[in-house]
Each structure stands twice: as structure tokens, then as C-alpha cells.
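Subject: Structure for you to look at

Hi,

Here is the structure I promised to pass on. Have a look at it first, and then read on for what I found.

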Amino acid sequence: MNIVVCVKQVPDPEQFSKITLDPVRGTIRREGIPSVMNPLDKHAIEEALIIREKFGGRVTALSMGPTQAKETLQEALAMGCDDAVLLCDRSLGGADSLATAYPLADAIRHICQFDVVVCGNDTVDGATAQVGPQLAEFLEIPHVTHVTGIEFTSERSWIVKRAIERGYMKVALELPALITVLKEVNQPRLPSVIDIMSAASKPINEWACTNLSLAAPIIGLGGSPTKVVGSFEQDIRRGKDILKGPEAEVVGKAIKRLKELGAL
Amino acid sequence: MDFNFTREQDMLRNMVRDFAQKELAPRIPEFDQTEGEWPYDVMKRMGQLGLTGLAIPKEFGGNGMGHVALMIAWEEIARVYATWASHLRGFVLPAYAISHFGPAWAQKEIVPRVCKGEIQGLMSLTEDTGGSDLANIRTTCVADGDHYIVNGRKIMQSRYSVSDFYTVIAKAGEKSFNYLLITKDMPGVQIGRRENYISCTTRTALVGEVIYDNVRVPKRNIIGEEGKGFKPVLTTVGAIGRLGGAGISLGIAESAFDLALKYAKNRKLYGKPIAELQAIRWLLVDMHTKVEAAKYFNYQPSWALDNGKKPHEIAGDLARAKLFANETALDVCLKSIEIHGGYGTTPEFGVIQKMKGALDQMTAAGSNQVMKRAMSEAIIGTSA
């Protein structure tokens with residue numbers, strides 16, 4: 001079974017309180033914020049490794065980003081992935097989710113005749129949860145998002161449990177397919193010291209656009225149909241109004257006030 | 001000069017941090033407040049992850065990642081729960097001594113099992129007449145053919161009742177000392193009373209006496225050279241005991257600072273967080289400065305050991321690391337308690353436990369005043 005798992009390097013969520021906005025450019029200032037693997041991507045790797053342990057095969061970790069993103073791929077190798085590919089090309093910079101999914105899909109086709117693609121459901125920085133589904137569309141395979149568990153009924157036919165509001169649904173899925181996972185799906189393993197030391201000597205394949213067969217200009221900032229036109233810091237203020245009077249009257253006043261504030 | 005950690009060391013730190021936060025932190029109430037069997041599963045897990053083998057060469061079952069790596073592990077575990085960082089030091093101590101000084105059979109049969117987290121040992125040094133003053137110990141070893149007969153009583157032995165072997169310093173003559181490997185199954189080994197420490201009443205912290213009553217120890221169990229037992233002991237105490245005390249104290253200090261910073265940003269006084277008050281800001285700056293300085297004092301000698309220096313060549317640096325990191329931990333914990341106000345001494349806020357850990361490290365592996373003695377000898381020379 002050939003499994004590809006997509007990972008992304010993101011600012012450390014534990015340091016989010018230190019992130020500030022550049023008021024002129026409208027972008028976030030990441031200086032001094034350490035980068036880590038997107039937390040849900042660890043669950044994606046774990047699920048890929050579980051699938052490999054069950055059916056055999058290879059797990060390839062794939063990321064798109066600057067050279068620094070090799071650090072995240074090294075962690076993926078330490079966790080147990082067999083190979084790692086970094087898609088690194090200046091022309092890919094500034095991509096939105098569509099312009100991320102498009103080159104990633106092409107890279108996956110170049111990596112192997114894949115059976116499963118596993119992604120984290122969303123990332124802590126962009127939080128769009130769109131790359132997984134868009135990737136599946138480009139690859140022309142079915143996908144299931146918000147996955148919290150898999151019943152491996154046979155090698156190529158699974159029952160996938162996905163979270164929905166106030167419950168869950170079970171979906172029958174035939175491979176090849178793509179899933180995006182939530183943290184409930186598993187408990188990611190910790191690499192041992194030996195895993196860490198051997199990962200350091202494993203190669204990470206660095207690919208540029210010239211290694212791909214990109215047919216459409218859906219890459220980078222220019223190929224992105226969505227643009228961030230502004231960013232702002234949310235101004236959260238707490239206040240209180242104390243309403244006095246008979247119960248029915250106070251309830252009416254409260255509803256009126258909440259409507260004025262846009263809460264109802 | 002290169003102050004950067006390697007990528008492997010960064011990844012190790014991430015792994016140990018995850019281990020401590022996800023696997024140790026949820027169990028702190030169990031470790032701290034309940035009695036019962038010592039948690040062998042944690043030792044096993046540390047072995048699986050490779051933490052017990054960090055400073056043990058590959059040929060003896062370790063991974064040889066080194067002293068900087070071990071310092072990272074101590075620091076990150078102690079940030080969450082100092083006792084397990086202290087136990088990690090305890091696992092490594094006797095294995096380190098054997099891996100560097102023999103005997104060869106134990107390097108093959110004992111050390112790899114320690115690295116896997118299957119068995120544990122302790123360095124059996126301290127007596128009522130001497131710990132730092134090793135020359136005045138009363139435990140004796142008398143030659144009897146190809147054996148030694150060991151008699152004595154060791155006190156303040158960490159994990160005294162759950163250890164599988166002991167590396168024991170014993171007097172063979174006026175100026176002759178042997179460092180011997182004794183296993184739990186040897187006739188005459190007795191577990192004595194548990195020490196009545198305020199911090200040692202729960203399942204995780206076991207400290208007590210081990211008594212050696214006419215224990216027949218084969219001469220093949222000598223660690224280092226016959227009659228020259230101080231060398232392996234002092235080498236190991238310096239490289240692992242003192243450096244460990246430094247690492248554990250650093251982790252304690254960092255976490256006590258983190259708690260103080262978080263509290264100061266949230267606690268309001270005079271309509272604003274107390275972190276806005278100059279009195280508190282200056283306290284936090286002082287705490288931070290010492291913590292950061294302790295990192296340099298700790299990692300520099302760790303790096304030196306990884307780069308070929310022998311513990312006796314940097315004895316002063318190793319002592320300084322432990323002295324400064326522990327005094328930092330004590331000071332930072334005290335200031336953190338002060339910043340927390342009345343909450344500082346309530347268990348719910350966690351600072352008082354940090355203080356307890358800092359106090360434990362003040363005397364472990366040589367008290368802070370003993371560190372000054374070692375430093376003075378390095379700086380000024382041996383006193384008459």
C-alpha cells in the first residue's frame with residue numbers, strides 16, 4: 001500500500017499570544033516564533049503508520065514550503081515515515097489553499113501510484129480545512145473529512161467514522177481515497193532517541209516546479225483565486241448592563257438589547 | 001563559537017517535552033499523593049524512548065547521543081516533574097560508571113538492561129560519617145580469596161527498595177577503596193528503614209537504607225582498578241551526579257518562572273495586572289536573567305564532555321553548574337512564591353512543589369557548599 005501524508009510547518013500554537021500583526025502589510029509577524037509541525041499532522045502521520053503496519057507498504061511525507069520546512073519532514077521521518085519530499089520553489093510562495101492543493105496533487109502523482117492520502121483536518125495558522133478536499137478533487141478521488149476512526153473491513157474497503165455536529169456518521173470508503181483526520185483518531189507515537197538519530201541521516205528529496213508537470217497556472221500568489229485583503233486584531237471587550245424590573249419586562253429588555261448588539 | 005543545538009537535539013527536546021507533558025503531567029497526583037507500588041512502567045517507558053541510554057555508548061546498549069542530550073532530558077522532565085528527572089539521573093549514574101570503568105561482563109549484561117529500562121541500580125556511597133567526605137566511610141571490604149566480604153550500612157539511598165543492583169564504595173585499607181558491583185540477590189543484602197523525608201512519603205520517592213551484611217562479592221565485580229575506587233566514583237558523580245543536579249534545578253527554575261509570569265499577567269491589583277507594576281517586573285527580570293545564565297553554565301560543561309574533556313579536567317565547571325543552577329532554582333522558586341502571594345504556598349498553584357524539588361537538589365550529589373569547595377580547588381588550588 002502506498003500512503004502519502006501531507007504535513008505543514010506552522011508557528012508554535014503555544015506561542016500564539018506573542019504573534020502580532022504588521023499594520024501596514026496586513027500580515028502576521030512571525031519573527032521569534034518557533035516553528036513546529038501542525039499538531040493535527042502528527043495524527044495524520046500516526047494514522048498513515050497504522051495503515052502501513054496493517055497492510056504493509058511505504059509512507060511518504062510531503063510538504064510544501066521554504067527550506068526550513070525540512071525540519072518538519074525530519075520529524076515525520078523520526079516518527080517512522082519511509083521517505084520525505086519537500087516542494088520548495090519561490091514561485092509557489094503566497095499560495096492560497098487552491099494554489100497549495102494543485103502543486104501538492106501533482107507532486108503526489110509523481111511520488112507513487114498512491115492508494116491513500118492522509119492529511120490533518122486543518123492547520124492552526126490558516127485553519128481553512130480546504131486543502132485536503134481540494135487535493136482530493138485534483139486527484140479525482142473520494143475524500144472524507146473530520147475522520148475520528150477507521151474500521152479496516154478489508155484492505156481496500158473501509159468504514160470511516162467522521163465527526164458531525166452533535167454526533168458522527170459512518171462512511172463506506174473505497175480506495176484510492178483521501179482522508180483528513182481529527183485528533184480523536186489516534187494518539188501520535190513519540191519517536192525514540194534512536195529514531196531521531198537515524199532520521200537525521202535519511203535524505204529529504206527537495207523538488208522544485210521543474211520536477212512537476214504543472215499544466216495550469218494555479219500556483220503561488222498569482223495563481224491564487226483568494227487574496228487576504230486585510231488583517232485586524234480582534235478587539236474583545238467585556239461589559240455589563242444590569243437590567244432591573246419585573247421578570248417579563250427584564251426578559252423583553254434583554255432580548256432587545258442583545259439584538260441591538262447583534263448577538264441575536 | 002556555535003550556541004545552536006543540533007537538529008537532533010531540538011527534536012529530542014520536542015520528544016521529551018511531549019513525553020513529560022502527555023505521559024507524566026496527568027499522573028502527577030498519582031505520583032505525588034498516593035502510596036503503592038513504585039511506577040515501573042515509567043522507567044520502562046524511559047528506556048523504550050532511549051532516555052536512560054543517552055550518555056551510554058552504543059556498544060553497551062545506549063545510543064551515545066551524549067551529555068548535552070541528557071541535559072536536555074533532565075531540563076525538560078524537571079520542568080514538569082522533578083522527581084522523574086532525578087530518577088533518570090539515578091538510572092544513569094551506576095550504568096555510566098560501569099560503561100566507563102567496567103567490569104566488561106557487566107557492560108554486556110547489566111548496562112544494556114538499564115538502557116532498556118528493564119532494571120535499575122543505585123550508587124551506594126553515603127553513610128552517616130561521609131558522603132562528600134568519602135575517605136571517612138565505615139563500610140569495609142576484606143579480601144577472601146577471589147572475593148571481597150563487604151560490611152556496612154549506606155543511608156539516603158534513592159530507590160533503595162526497588163533497585164536491582166548497587167555500586168558500592170567500600171574501604172579496603174588505610175588509603176585503599178574498592179568500588180564494587182553488588183546485586184540484590186547476593187546473600188547478606190538487606191533493605192533497611194525508609195528515611196522519613198517530608199518529600200518522600202509517596203510511591204514515586206523512595207529513599208532509605210541498604211545494609212551489606214557479610215556480602216561475598218566476586219573480585220570480577222570491581223568497577224575500575226582494585227584499590228582505586230574513588231576514580232570511577234568521582235568521575236561519575238561529577239559528570240552525571242552534579243550535572244544532573246544542575247539540569248534538574250534548571251528545569252525547576254524555568255517552570256517556577258513560567259508560573260510566576262503567567263500569574264503576574266493575570267492577577268490584577270490597582271486595576272491592572274501585577275506584571276505592570278515595576279516591583280514585579282524587576283523581580284521577573286531578575287528571575288529570567290538567572291535562569292538564562294544557568295543555561296550557559298549547564299550546557300557549556302555538557303558540551304565540553306561531549307567534546308572530549310574528562311570530568312576531572314572540568315571539575316570546577318561541573319560544580320559551578322550545579323551550584324548556580326540550584327541557587328537559581330531556590331531563588332526563583334522563592335520569588336515565584338512571593339509573586340503568587342498567599343497562593344504561593346498552596347499545592348493547587350504548584351509553586352511550592354517546585355520549591356520542594358529545589359530543596360531536594362540543594363543537597364543531592366554534594367551540597368552547594370561542597371560545590372564551592374570543588375570550585376575553590378579548581379580556581380585557587382587544593383587547600384592544606
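A term to begin with: by nonpolar core I mean a set of buried Ala, Val, Leu, Ile, Met, Phe, Trp, Tyr and Cys residues that are joined through C-beta atoms within 7 Å. Please keep in mind that this is a predicted model. The predictor gives the complex an ipTM of 0.91 and a pTM of 0.91. For chain B, the mean pLDDT is 95, and 98% of the residues reach 70 or more.

**The core**

The largest nonpolar core has 183 residues, and the members that touch the most others are A:Val5, B:Ile77 and B:Leu180. Helix H8 (residues 230-266) of chain B gives this core its largest share, 16 residues. If you set aside the neighbours within four places in sequence, the contacts of B:Ile77 are B:Val16, B:Ala20, B:Trp84, B:Ala85, B:Leu88 and B:Gly251.

**Where the chains meet**

The contact takes twelve residues from chain A and 14 residues from chain B. On the side of chain B that touches chain A, helix H1 (7-24) and helix H3 (40-49) of chain B each supply at least two residues. H1(B) provides the largest share of that side, seven residues. By class, the side of chain B that touches chain A has eight nonpolar, three polar and three charged residues.

**Chain A**

Chain A holds six helices and 13 strands. Along the principal axes, its C-alpha atoms fill a box of roughly 70 × 50 × 40 Å. Of the 264 residues in chain A, 38% are buried. Among the contacts in chain A with a separation of 6 or more, 71% are between residues 24 or more positions apart.

One helix to look at here is H3 (residues 97-111) of chain A. Its 15 residues reach 21 Å from the first C-alpha to the last, close to the 21 Å expected at 1.5 Å a residue. Twelve of the 15 residues of H3(A) are buried, so this helix is largely enclosed by the rest of the structure. The buried residues include A:Ser97, A:Tyr102, A:Pro103, A:Asp106 and A:Ile108. What covers them includes strand E1 (2-6), strand E6 (58-64), strand E7 (83-87), strand E8 (116-120), helix H4 (131-139) and strand E13 (205-207) of chain A.

**Chain B**

The domain assignment divides chain B into domain 1 (7-115), domain 2 (121-221) and domain 3 (230-379). Between domain 2 and domain 3 of chain B, the C-alpha centres lie 30 Å apart. Eight residues of domain 2 of chain B are in contact with eight residues of domain 3 of chain B. The domain 2 side of that contact has six nonpolar, two polar and no charged residues.

Helix H10 (residues 315-340) of chain B has 26 residues and reaches 37 Å from its first C-alpha to its last, close to the 38 Å expected at 1.5 Å a residue. Since 21 of the 26 residues of H10(B) are buried, this helix is largely enclosed by the rest of the structure. Just after H10(B) comes B:Gly341, with a positive phi of about 60°.

B:Val285 belongs to helix H9 (residues 278-306) of chain B. Is B:Val285 buried or exposed? B:Val285 is exposed, because it has 10 other C-beta atoms within 10 Å, and the cut-off for exposed is 12 or fewer.

**Backbone details**

Two cis peptide bonds are worth a look:

- A:Leu175 to A:Pro176 is cis, with omega near 0°; A:Pro176 sits in the loop between strand E11 (167-174) and strand E12 (177-181) of chain A.
- B:Gly102 and B:Pro103 are joined by a cis bond with omega about 5°; B:Pro103 sits in the loop between helix H5 (82-101) and helix H6 (104-109) of chain B.

Please check two positive phi values as well. A:His146, in strand E9 (residues 143-154) of chain A, has a positive phi of about 55° although it is not a glycine. A:His146 is buried, with 21 other C-beta atoms within 10 Å. B:Arg159 has a positive phi of about 55° and is not a glycine; B:Arg159 lies in the loop between strand E3 (147-158) and strand E4 (165-173) of chain B. B:Arg159 is buried, with 21 other C-beta atoms within 10 Å.

Best wishes

Notes. Residues are numbered from 1 along each chain as its sequence is written. Chains are lettered from A and ligands numbered from 1 in the order in which they are written. This is a predicted model: local features need pLDDT of at least 70, side-chain atom pairs count only at pLDDT 80 or more; totals for chains, interfaces and linings use all residues. A residue is buried if 20 or more other C-beta atoms lie within 10 Å of its own, exposed if 12 or fewer, and partly exposed in between; C-beta atoms are placed from the backbone. Helices (H or I, at least four residues) and strands (E, at least two) are DSSP runs, numbered from the N terminus. Two residues are in contact if their C-beta atoms, placed from the backbone, lie within 7 Å. Ala, Val, Leu, Ile, Met, Phe, Trp, Tyr, Cys and Pro count as nonpolar, Asp, Glu, Lys and Arg as charged, and the others, Gly among them, as polar. Domain bounds come from an automatic or database domain assignment. The expected span of a helix is 1.5 Å times one less than its number of residues. pLDDT is the predictor's confidence in each residue, from 0 to 100.
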